[in-house]
Amino acid sequence: MKKFFYTLLLLTVFLFANAQQPPQLVRNKHGVAQLMVDGKPYVMLAGELMNSTSSTLESMAPVWQRMKNLNLNTLLLSVSWEQLEPEEGKYDFSIVDGLIGEARQHDLKLVFLWFGSWKNGSSGYAPHWVLRDTKRFPRMKNKEGENRPYLSILSEELMKADARAYTALMNRIKEIDRNGQTVIMCQIENEVGLLGDTRDRSVQAENQFRQQVPADLIKHLQKNEKRILPEIINEWKANGKKTNGSWLELFGNGCNHLADEMFMSWHYARFINHVATEGKKAYNIPMFVNAWIIFPHEPTPGLYPSGGPNSRMLDVWQAAAPSVDFLAFDNYAEDYIAQCHLYNRNGNPIFVPEAVGLWMGDKESAPAKAFYTLSEFNALGFAPFGIDNAIYTENHPVGDAYRVLNNLLPLIVKEHGTGQMKGFMQQKDQNEVVSFKDYDIHMNYRYPYQGYGLVIRLADDEFLVAGNGADISFHSKIKSLPGVSYGTLQEGYFVDGEWKTTKYLGGDEAMQGIGGIKLPGVYLYEDANPNAVTIVRVKLIPTESGTYGEKNMVD
Ligand code: DGJ
């Protein structure tokens, strides 16, 4: 009996200790980084607010319920240095406290975006007392020696001031939120990097640029040579693979100003690493940076922020900023998938804090990108930017996509890294094939909107598909059983881990039971619509012959 109570006590202490752990990243047995909140894997079905929305609780008032209606579980929103520390050393936490309180009331988690020394390269969110004191807080300069509107990355004084304010923020979060775990991550600065030039031309920067490349970076390159971006390694080799020398001597500027950009990157990363290290001493939750990505038509640093955490500089950031948990990327690229691949290396967890360029006329792609990113890349989360924009009414399909994803989250986190979960997403008019070892799954896109979804293999011959806008047929790759028949097709959802069938699909709604799965299971294609996001389970019957591919499909 005594032993029983002792075990019970230990178990209680263990569970209590775990519940008290702040949000953190933990790699599962397949090596996939998962965000643990309240001791459980958490996936962010998120949205990022427009820049100024979270500056007052008044402007936030109508937003909370709208976000709930869209089925978000997490909101990304800015906290600015100028509002937090309007006078040096005097902090105003009213907005932070208010945001956390409201988020709790609405059962939403928050990711704070620390708009400190830089936001999109420039320094508009730094407090007045910082901006007006150009002696203490110098600017970066152009070749003519004129100030640019960007605070200097080389200023130790700025680094300390920014870190002090950020640490005050983290202390406050810890004080009021340690048990609530409302704030689950923080982004440090926003899309940093220098615009308009490849490197800072101030006298201090020119001197630093001529100094030796830091030994820590060289060691990192030597130790990880095989996984460093070939572009960096090749330039290093082409310049004699020296272990001593200046940035120019080691990397040259022949490859799109590589030396300039690596120099800038090192210093941005070192600065932000200091802010993260200090912040984590106060409250140790995941901290990340976000990138203005390199658009293929603008590959020159300075056209995009030089030295930011872009895919070319990933290795430099990983070497210089070990306290930064990962590099996120604002993925507005036309080739969305290619950008995800560029960041999916060296163990960098995937998180897309901004996507879907409303200003480019893209108003519809959030559901597809959410499904694809979360399934194909085991992502920590996904967020369309400007989720409080009028475009996102409560009828926007992203709400339906999030409703379905939310239903699937327990399954999704279980499949992280197993290789049994894959995404699909229509790009232009192309159809697509998703491959498993023994099955090819053909996605036929013939709906009047973008098709997308995910596939999870539940058992050898059982699959779950979810999404919208695709006709799906299975093709066996097993030599002895090259045919596939479809067993029962069930549309439904999960309730506390148990499957509930809402409709058995057959006949017209299932290509007569021989062609495959229609997502959604409609009679006429005109009956389909972007809000009809569904989940379907199918048991396949492998046969000796008689595969019905898309050629045999009967509408
Ligand atoms: C990228 C920035 O990171 C955001 O803060 C916002 O300014 C968007 N661009 C605007 O589309």
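Predicted model: local features only at pLDDT ≥ 70, side-chain atom pairs only at ≥ 80, totals over all residues.
Q: Buried or exposed?
A: Asn273 is buried because its relative accessibility is 13% (buried is under 20% relative accessible area, exposed over 50%, partly exposed in between; 1.4 Å probe, protein chains only).

Q: Which residues is Asn273 in contact with?
A: Beyond its neighbours within four places in sequence, Asn273 has contacts (heavy atoms within 4.5 Å) with Ala320, Ala321, Pro322, Ser323 and Val324. A polar atom of the Asn273 side chain lies 2.8 Å from the backbone nitrogen of Ser323.

Q: New topic: how is the protein divided?
A: There is domain 1 (43-417) and domain 2 (422-543), with bounds from an automatic or database domain assignment. Their centres, taken over C-alpha atoms, are 37 Å apart.

Q: How many residues of each domain are in contact?
A: 25 residues of domain 1 are in contact with 22 of domain 2.

Q: And which salt bridge joins Glu334?
A: Glu334 pairs with Lys428, at 3.7 Å from N to O. A salt bridge puts a side-chain nitrogen of Lys or Arg within 4 Å of a carboxyl oxygen of Asp or Glu. The rule finds one salt bridge across the interface of the two domains.

Q: How many salt bridges does the structure hold?
A: It holds 27. One of them links Glu231 and Arg312, whose closest N and O atoms are 2.6 Å apart. That pair joins distant parts of the chain, 81 residues apart: Glu231 is in helix 10 (residues 230-238), and Arg312 is in the loop between strand 10 (287-292) and helix 13 (314-320).

Q: Why does Arg312 count as buried?
A: Because its relative accessibility is 6%. Glu231 is partly exposed, as its relative accessible area is 28%.

Q: What about Glu175 and Arg172, where do they lie?
A: Both are in helix 7 (residues 156-177), three residues apart, about one turn of the helix. Glu175 counts as exposed because its relative accessibility is 55%.

Technical notes: Residues numbered from 1 in each chain as written. Heavy atoms only, no water. Polar contact = N/O pair within 3.5 Å; in protein donor to acceptor, adjacent residues only side chain to side chain. Helix = DSSP H or I, 4+ residues; strand = E, 2+ residues; numbered from the N terminus.
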